[in-house]
Amino acid sequence: MMNFSEKEIRIFNRISLVAGIFTVVIAITMLFSLLQLMTINPLDTPALQSVKAQFDNNPDSKELAEQVRAVDLMSRKAYFSSRWQVETGSYLLLAGAVIFVLFQRLVAGSGKPARSLQPDRPDIASEKTRNRKYLIISAAAVTVLAIVSSFVLRSGLPAPGRASVGDERTGQKLAESASVELSDVNYPFFRGEGSRGIAGGEGYPTEWNGPEGKNIKWKTRIPKMGKNSPVIWGEKLFLTGAGDGKLEIYCLDKNTGEILWTSSGTDFPGASPEEPESDPEAGMAVPTAAVTENAVCAIFGNGNLVCYDHDGKLKWGKNLGVPENIYGFTSSILIYKKVVLVQYDGQNKFSISGYDLETGDLKWETPRSGRLVNSSPVLAIFDGEPQVLINGNPNVTSYDPVSGKELWSLPGVSGDIAPSVGVNSKMVFTGVDYYSVVALKPGKNGSVIWSDNTFTPEVASPVANDECLFVATGYGDVACYNTETGDTLWSHYFKESFYASPIICDNKVWLLDRLGTMHIVDANSKLNIISSSPLGEHTDCTPAFSEKQIFIRGRENLYCISAN
Amino acid sequence: MKKLKKFNKYIPYIVLGLLLIWHSVLYAQEQRFPRPEFEGDYTFPTHQFLNQRGPMWEYMDVAVLIGALTVASWLALKKRSRQGLIWVSLFSLAYFGFYRQGCICAVGSVQNMSLALFNESYAMPLPALLFFTIPLLFALLSGRVFCAGVCPLGAIQELTGFRKVRVPKNLERVLAMIPFVYLGLAVLFAATESQFLICRYDPFVGIFRIDAPYTMIIFGALLLLVGIFVNRPYCRYLCPYGVLQNIFSRFSVKHLTITPAECRNCRLCESGCPYDAILQSDPVKDREIAEKKWKGSLPYLLMIPVLAAAFAVLLYNLAPALSGVNDNVKLAREIRLEKEQGIKAVSKASVAYYESGRTESELFEQEQQIIGRFRKGAPWAGIFLGLSLGIGFFRLTVRDIRTDYEPDRGRCYSCGKCFKFCPVKINN
């Protein structure tokens, strides 16, 4: 036993006390730092968000870009400094504890063992009585708890599969909301009215043969190449094409296939003559034109946006800036209440903007976040509210088509996104290859309902009715999902890949593969292949439907298919 | 020289301090910048995993365990050397704690054992099985010598507990029930493949490893500070393996004694045990009561099955709530909440689930299966708790008559702290 003087013991006690206080202070500081670390995300700081927002509004400003970098670096530094402090603090804490322990040990070891007497053992009788009492009390208490728990702790868990029940309520409500009205004459946008992949009318031919001319009403060679689809208003059909440094818009008589007029996509002041680098397979005329009663608008791969009347007279034209996009600019446009809606995806800028149909003036522009995509906007109505949906990366986002205000944004898919969203009366569907198909309940309080990665689209957009979601893949499979649960109802391998988006029309799904064969199946949960009809020409373009006639654009020709 | 010899007593503590400092230096060198999240197309290099320790080293651990247990038994039972046990503690702390970083560990092996018992697909590694059984065999032979100085968790507390604050007896009894509950739940969670609770909340592994969460380091450091006054708080009020040691040690062939010869009932050792594990001898007047009056206590035996049944029902009812510790159940509940209340998925698990492409029906089905397993296992955990509590209380109603002061074989850690309080010495 080491003996220390009283003075030494006093010093030890003081050192120990200081170490103890130090340890407690460090522990409290660390707890605060920990709480801070747990609640703060360095990339969500208001300062960073603020400069990012400024940069989004002014993406060309190098000064702002530098500022974003500086604030970002500062936020990260601050975060990692806090981490370092906590990590170092934990060892300061240990060091303090060690000093405290050692000096307490010295103080404790300097004295003789304290010997104190315990009170006498309680007498046997009273100890027994007390312990028996404890035994009975515990048994009674636990029994009461067990009985009470049997009544109170009933399992509130639903049976498996109940998950979809919750949505029936919402679904019913949403189903009551008006969807976009369908016409059997006009087919104004890419994938039809609202760009939803649903066409009006009935009695369309289900069998034809391009090489043999069976049910081919007419066939017209389109002067320049284009991956865009035909759009129709009344008796007129519109297409675009590009090649040899020219961008063109074609107006055809839908009944005869005669080209009524050809207009230029570059013949206006400020037009860009530039042809940006892009996938040669895509070209400069991928976006589909949009048509209304008295105007047809088209956008090209160099950002030229033009608007003509139905007689081929230029209303206005402007260049939106040449988009830098490795796959080329591909987003088709929409027109909603005299506003041309343009989804712009380039390395230089992501946005959605609205232009006055009559003048071409910019009415609004909303910057978007995420990564660039090659999808097209879709117009839908949920809860009576018209909205433009963009299949973005990584979110599906909804905007007000009148003001451009973002309405909601939900997690969607990531990757090289070419497909647009599919919608029915209550849900939104997105998907892309190497990721999954995701079903969303739209709205501010929306959520992901289900997802599945068995069948995913490469280019073709999914299409849905209230019961089924149809997905045509890039590897030749077509799958039908239950829209509510995500269960695969059927799938079929059609051998050829699909780039053209499937269309639901006349209770059938029209699936056009890249070889030009149209596969027609019932638009329901049972697989029934009605027919497969060859066009005799490769095609990647989505067909158009109008008055019992189907219009398909092949690599070189436009076909009108009609039973009459 | 004499003074220097006396200073030997403090050498283990100096070594302990050096160990911690050395460890802190290692930590400082290991500090790394966390992996950044690039948004571009940067491809992360593939993970390089260190080669697993060869089997020979694992059996080396087993050999060290047996060696340490043998030495600790000899020191506690034969040599009666408290100082020797402190050195064993220091060695175990350095080897099993800092060097092996708290793994493999007999305390955690309880979970491997239960997982192996209830899951055919899991083959328990032999070293883990040996780490589970060998300390229990030694408990049967010579008491809780494992706790005395071989367990690194016990060792770190033993080396830092030198003030003595007595916990009131009734509070001590209530707190001493916690390890039984902890053991029951740990076995249940491991058997249902939900969680290794003991490892997750091991308070000292944060100190043994250099990359443990800070919360664990804070918890461990604070527990050590408390342990200076209320000695071995983890062993007494939490350790689930201690429950098994407690049971096995009660049937030990030999056990440490307070006195090396005949007890003189001098009462000097009464305050010698900080764990209140010394059983007092009965006053002479009580010793005259020849009959133990077992008959009077027999009706109370009936309370044991009542307690077991009540606990079984209680835990059965709690099973769905308990199943919330399972990650899949937690995720299913989160997804359901998101859907029903329209809350956006925020947790990493939820985001990962959506990215994985699993269907909800699969997830909810799995949730039900896990709850089913909890429903099956929870009553057994309840029966264990009921029996433990019932037998514990019943034992107190049939007190043995004691003529000597002796250690409570279940609760005594064989640490030898009581040796110095006994005035009886043997002349060689």
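**Entry 1: two helices crossing.** I kept in mind that this is a predicted model. I started with helix α5 (residues 106-118) of chain B and helix α6 (residues 126-142) of chain B, whose axes come within 8 Å and cross at roughly 115°. The crossing of α5(B) and α6(B) is left-handed. Then I looked up who makes the contact: A106(B), S109(B), V110(B), N112(B) and M113(B) from α5(B), and A128(B), F131(B), F132(B) and P135(B) from α6(B). Sorted by class, the residues of this contact are seven nonpolar, two polar and no charged.

**Entry 2: α6(B) again, with another partner.** Next I checked α6(B) against α15(B); they pack at about 30°, with axes 8 Å apart. This crossing is right-handed. On the α6(B) side I found P135(B), L136(B), A139(B) and L140(B), and they meet L244(B), Q245(B), F248(B) and S249(B) of α15(B). The contact of α6(B) with α15(B) has six nonpolar residues, two polar and no charged. I noticed P135(B) in my list for the α5(B) contact and again in the one for α15(B).

**Entry 3: how covered is α15(B)?** I wanted to know how many of the ten residues of α15(B) are buried. The count is nine of ten for this helix, residues 240-249 of chain B, so I put it down as mostly covered. Among the buried ones are P240(B), Y241(B), G242(B) and V243(B). What covers them includes α5, α6, α7 (145-150), α10 (178-191), α11 (197-200) and α14 (233-237) of chain B.

**Entry 4: the largest nonpolar core.** This core has 255 residues, and F238(A), A290(A), C297(A), V340(A), F470(A) and A72(B) touch the most other members. Helix α18 (residues 303-322) of chain B gives the largest share, 13 residues. I followed up V340(A): leaving out residues up to four places away in sequence, V340(A) touches A290(A), C297(A), I333(A), I335(A), G354(A), Y355(A) and L357(A).

**Entry 5: one residue of α18(B).** I picked L314(B), which lies in helix α18 of chain B. Why does L314(B) count as buried? Because L314(B) has 25 C-beta neighbours inside 10 Å, and the cut-off is 20 or more. Setting aside residues up to four places away in sequence, L314(B) touches V142(A), L145(A), A146(A), S149(A) and G382(B). I also noted P379(B), which is 65 residues from L314(B) in sequence but 7.9 Å away in space, C-alpha to C-alpha.

Technical notes
Residues are numbered from 1 along each chain as its sequence is written. Chains are lettered from A and ligands numbered from 1 in the order in which they are written. This is a predicted model: local features need pLDDT of at least 70, side-chain atom pairs count only at pLDDT 80 or more; totals for chains, interfaces and linings use all residues. Axes are lines fitted to C-alpha atoms, for helices over the stretch in contact, and angles run from 0 to 180 degrees between N-to-C directions. Helices (H or I, at least four residues) and strands (E, at least two) are DSSP runs, numbered from the N terminus. A crossing is left-handed if the near helix is turned anticlockwise from the far one by less than a right angle, and right-handed if clockwise. Two residues are in contact if their C-beta atoms, placed from the backbone, lie within 7 Å. Ala, Val, Leu, Ile, Met, Phe, Trp, Tyr, Cys and Pro count as nonpolar, Asp, Glu, Lys and Arg as charged, and the others, Gly among them, as polar. A residue is buried if 20 or more other C-beta atoms lie within 10 Å of its own, exposed if 12 or fewer, and partly exposed in between; C-beta atoms are placed from the backbone. A nonpolar core is a set of buried Ala, Val, Leu, Ile, Met, Phe, Trp, Tyr and Cys residues joined through C-beta atoms within 7 Å.
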